There are 2 protein chains.
Amino acid sequence: MARAKTSAWPPLLTARALVIEAIEQRLAEAGLPELAWYDVLWTLEQAPSGRLRMHELAAATVITRSNMTRLVDRLEAAGLVTRARDAEDRRGALALLTSAGRDMRARMWKVYGPAIAQLFDAHVSEKESATLRACLLRIIEAARA
Amino acid sequence: MARAKTSAWPPLLTARALVIEAIEQRLAEAGLPELAWYDVLWTLEQAPSGRLRMHELAAATVITRSNMTRLVDRLEAAGLVTRARDAEDRRGALALLTSAGRDMRARMWKVYGPAIAQLFDAHVSEKESATLRACLLRIIEAARA
DNA sequence: TCGAGATGATTGCATATGTAATTATATGGG
DNA sequence: CCCATATAATTACATATGCAATCATCTCGA
């Protein structure tokens, strides 16, 4: 669909930037880590037994592998994650969530959840929200194919 | 609207990250600058006589002022933009688009435009696109209020 | 009109990122 | 079985970013 002047892409970029900015500010004010940490903690919490290979974690969060290495370094230093060698493939490293990591994710959600509700969802009806999700999931699927 | 499990926010983040990744790759392969440059060039091209104050440019593109200072440094070094003192307010600096800047924006659009069409708009109907835009513009308006 | 405080832009410093090596282990063809 | 090649993760280096000063100019009230 060529749609030069009416694509939703430019406002998507702007909306994301503004909402992220506001969310980061709230997290910082609450003395909590940045959003990227939440992403990793949440992704691990979703995974069976709270563990994932580094490359799976990187793919799931759309962060490059080398950045994930360094992000997990920081999370590990903060005690939120630990690393273990993978017994199956000894090249591989597993990142696994600690209970401090779980706690931190929950604490961050107390700020992040309401922020999403107020900054994003409040301006979208239930029906629109369903449409948005459906479109975005299609785009994700195509991009990953 | 509290919508914990069904918010469009998480897929928005993922979709944006994946699409940006693909776009940056195409720009790099074409030997073109990164997307952030496009944003600045386009914003200036929209502005009356292709010029904006640094803080206006920063606000429009949702980039911090200090980063805009340095981004314009690079654009200036590449000959795509020049700086001028503002006669009205001598604290202020104006960024203004050069004709090389206009050309570059056009060249980048040859890659960027089709990429948006293929990676984003192709997966959204006309009607959905209108809904997306409307929602996102509402979110932007609220965030800027 | 003068000085205190606000505002616009830049800069310094610590930290984070992208990209291209590098290291270690796995895998498949001869 | 062994070597060439692929893959997982990390690291090295250059570059970009966020945040807190800093510098210049403006504005407003005593």
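1. Two residues are taken to be in contact if their C-beta atoms, placed from the backbone, lie within 7 Å. With that cut-off in mind, and bearing in mind that this is a predicted model, the buried residues of H1(A) pack against helix H2 (35–46) and helix H5 (99–119) of chain A, and also against helix H1 (9–29), helix H5 (99–119) and helix H6 (126–144) of chain B. The buried residues in question are A:Trp9, A:Leu12, A:Thr14, A:Ala15, A:Arg16, A:Val19 and A:Ile23.

2. The geometry of the helix itself can be checked against expectation: H1 of chain A, residues 9–29, contains 21 residues and reaches 30 Å from its first C-alpha to its last, which is close to the 30 Å expected at 1.5 Å a residue. Just after H1(A), the backbone at A:Gly31 adopts a positive phi of about 70 degrees.

3. As for the chain as a whole, chain A has six helices and three strands, and these follow one another along the sequence in the pattern α-α-β-α-α-β-β-α-α. The C-alpha trace of chain A spans about 50 × 40 × 25 Å along its principal axes, and 34% of its 145 residues count as buried. Among the contacts in chain A with a separation of 6 or more, 47% are between residues 24 or more positions apart.

4. The two protein chains are related by symmetry: chain B is superposed on chain A by a rotation of 180 degrees with 0.0 Å of shift along its axis, at an RMSD of 0.0 Å. That is the relation of a two-fold axis. Of the residues of chain B, B:Leu132 comes closest to the rotation axis, its C-alpha lying at 3.2 Å.

5. How many residues of chain B are in contact with chain A? There are 44, and they meet 44 residues of chain A. On the chain B side, H1, H5 and H6 are the elements that give two or more residues, with H6(B) giving the most, 15 residues. By class, this side of chain B has 28 nonpolar, seven polar and nine charged residues. Because 100% of the interface residues of chain B are also interface residues in chain A, the copies meet through the same surface.

6. The largest nonpolar core has 73 residues, and those with the most contacts inside it are A:Leu41, A:Leu136, B:Leu41 and B:Leu136. Leaving aside its neighbours within four places in sequence, B:Leu136 is in contact with A:Ala8, A:Pro11, A:Leu12 and A:Ala15; of these partners, A:Leu12 and A:Ala15 are among the buried residues of H1(A) listed above.

7. The most, five residues, is given by H4(B). By class, the surface near DNA strand D has five nonpolar, seven polar and 10 charged residues.

8. DNA strand C is likewise surrounded by 22 residues, the closest being A:Arg90, B:His55, B:Ser66, B:Thr69 and B:Gly92. Here H4 of chain A, along with helix H3 (54–61) and H4 of chain B, each supply at least two residues of the surface, and the largest share, five residues, comes from H4(A). The classes near DNA strand C are five nonpolar, seven polar and 10 charged residues.

Terms used:
Residues are numbered from 1 along each chain as its sequence is written. Chains are lettered from A and ligands numbered from 1 in the order in which they are written. This is a predicted model: local features need pLDDT of at least 70, side-chain atom pairs count only at pLDDT 80 or more; totals for chains, interfaces and linings use all residues. Copies are superposed by least squares on the C-alpha atoms of residues with pLDDT of at least 70 in both. Helices (H or I, at least four residues) and strands (E, at least two) are DSSP runs, numbered from the N terminus. The expected span of a helix is 1.5 Å times one less than its number of residues. A residue is buried if 20 or more other C-beta atoms lie within 10 Å of its own, exposed if 12 or fewer, and partly exposed in between; C-beta atoms are placed from the backbone. Ala, Val, Leu, Ile, Met, Phe, Trp, Tyr, Cys and Pro count as nonpolar, Asp, Glu, Lys and Arg as charged, and the others, Gly among them, as polar. A residue is near a molecule or strand if its C-beta atom, placed from the backbone, lies within 6 Å of it. A nonpolar core is a set of buried Ala, Val, Leu, Ile, Met, Phe, Trp, Tyr and Cys residues joined through C-beta atoms within 7 Å.
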